[in-house]
Amino acid sequence: MTFSSYFRNGLAVSAVVLAIDQITKWWIVFTVMQPPRVIPVTPFFNLVLGWNRGVSFGILNFESQLSAWLLPIAVIAITVALGVWLYRADRLRVAAALGLIIGGAIGNFVDRLRFGAVTDFLDIHAWGY
């Protein structure tokens, strides 16, 4: 494989991840969670609609103009940096892994543009946490 084929494969992975991300979020928001509720799946896993205005695990999850502008700009910058890394990838596993991350990041960016927050619906918990 050549560098360009790794790049194309990584882009293909990111496109598939983006499509799956947006389809599942649309299904949850407009179908499954009408009305919003808790859906127990297992003793440690529920489906629950949530809106994350912060980053991973709700860190910086507050409504402010700073986070409304800073987080999307950070996502764009990080995605561009990952895209450069993907372009330079010399192994298929690296390209696929970067494609997974890029697809998820773009999906969350789309959510921020559409809803002002990232759609979350997977609630994994243990021992009350």
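**Around strand β2**

Modeller: T42 stands opposite F45, which belongs to β2. This is a predicted model, in which local features need pLDDT of at least 70 and side-chain atom pairs count only at pLDDT 80 or more, while totals for chains, interfaces and linings use all residues. Residues are numbered from 1 along each chain as its sequence is written, and side-chain values use heavy atoms, with hydrogens and water left out.

Strands are DSSP runs of E with at least two residues, helices are runs of H or I with at least four, and both are numbered from the N terminus; two strands pair if DSSP finds at least two bridges between them. Between β1 and β2, which run antiparallel, there are four bridges. The open sheet consists of three strands in the order β1-β2-β3, with antiparallel pairing. Its edge strands, β1 (38-42) and β3 (118-124), each pair on one side only. On average, neighbouring strands here are turned by 35 degrees against each other, direction ignored. Helix α3 (residues 92-115) packs on this sheet and touches β2 and β3, its direction making about 120 degrees with that of β3; axes are lines fitted to C-alpha atoms, for helices over the stretch in contact, and angles between N-to-C directions run from 0 to 180 degrees.

Within strand β2 (residues 45-52) lies N46, which counts as buried because its relative accessibility is 11%, buried meaning under 20% relative accessible area (1.4 Å probe, protein chains only). Leaving aside residues up to four places away in sequence, N46 touches several residues, among them V38, P40, F121 and H125, where contact means heavy atoms within 4.5 Å.

Key
Buried means under 20% relative accessible area, exposed over 50%, partly exposed in between (1.4 Å probe, protein chains only).
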